[in-house]
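Visitor: Hello! Could you show me how to read this structure, one feature at a time?
Guide: Gladly; here it is.

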Amino acid sequence: MSEVLDAVDAKILDLIQHDAGLSVAEIAERVGLSSSPCWRRIKRLEDAGVIQRRVTILDRERLGLGFEVYCTVKLSLPTKDNLEFFEQAITRLPEVVQCATVTGAADYELRIVTRDMHTFDDFLRDKILSLGLVSNIESRIVIRAVKNTTAAPLGLVSPYISVQTT
């Protein structure tokens, strides 16, 4: 889709990925369109799967969910069935906010959010280790988030959006 991403589409995407609460009228005004053509462009981008969904980002600290951990997980026997079972189980665990298969010594990298270290320990014991598939977990507790964004780097695929270096 990036090859057909014109200046208006790129600006629309940049606007809504930073503030999904903007109305179509506000977006249209900022990109120089009337509401109807702007809405059609947004709809086309949704239909093409470029816009997957619009969400609200919550302040986890204020909600008491400030304990964040990155874990590398190695399965005992990474067969196709075990990988699929593990992935299905992970999708049902709300504490896991990201999961990716990775190269190297581990099979998965998980990003986990909980209330505190004790809750994290319970999560590991009761939900991850109880699956019976894991041979090794290495955990790294986040001390301070330096950068945390959901924004795609549109400047890398569109000359109409500047690549931010600050």
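Visitor: In what order do the strands of the open sheet lie?
Guide: Strands are DSSP runs of E with at least two residues, helices runs of H or I with at least four, both numbered from the N terminus. Two strands pair if DSSP finds at least two bridges between them. Here the 4 strands follow the order β2-β3-β1-β4, with antiparallel pairing. At the edges are β2 (96–101) and β4 (134–141), each pairing on one side only. This is a predicted model, where local features need pLDDT of at least 70, side-chain atom pairs count only at pLDDT 80 or more, and totals for chains, interfaces and linings use all residues. Residues are numbered from 1 along each chain as its sequence is written, and side-chain values use heavy atoms, leaving out hydrogens and water.

Visitor: How many bridges join β1 to β4?
Guide: Strand β1 (residues 67–75) is joined to β4 by 7 bridges, and the two run antiparallel. Tyr70, for instance, has Arg140 in β4 as its bridge partner.

Visitor: How many disulfides are there?
Guide: A disulfide is a pair of cysteine sulfur atoms within 2.5 Å. By this rule the count is 0. For Cys71, the nearest cysteine sulfur belongs to Cys99, 11 Å away.

Visitor: Is Cys71 buried or exposed?
Guide: Buried means under 20% relative accessible area, exposed over 50%, and partly exposed in between (1.4 Å probe, protein chains only). Cys71 counts as buried because its relative accessibility is 0%. Cys38 is also buried, at 0% relative accessibility.
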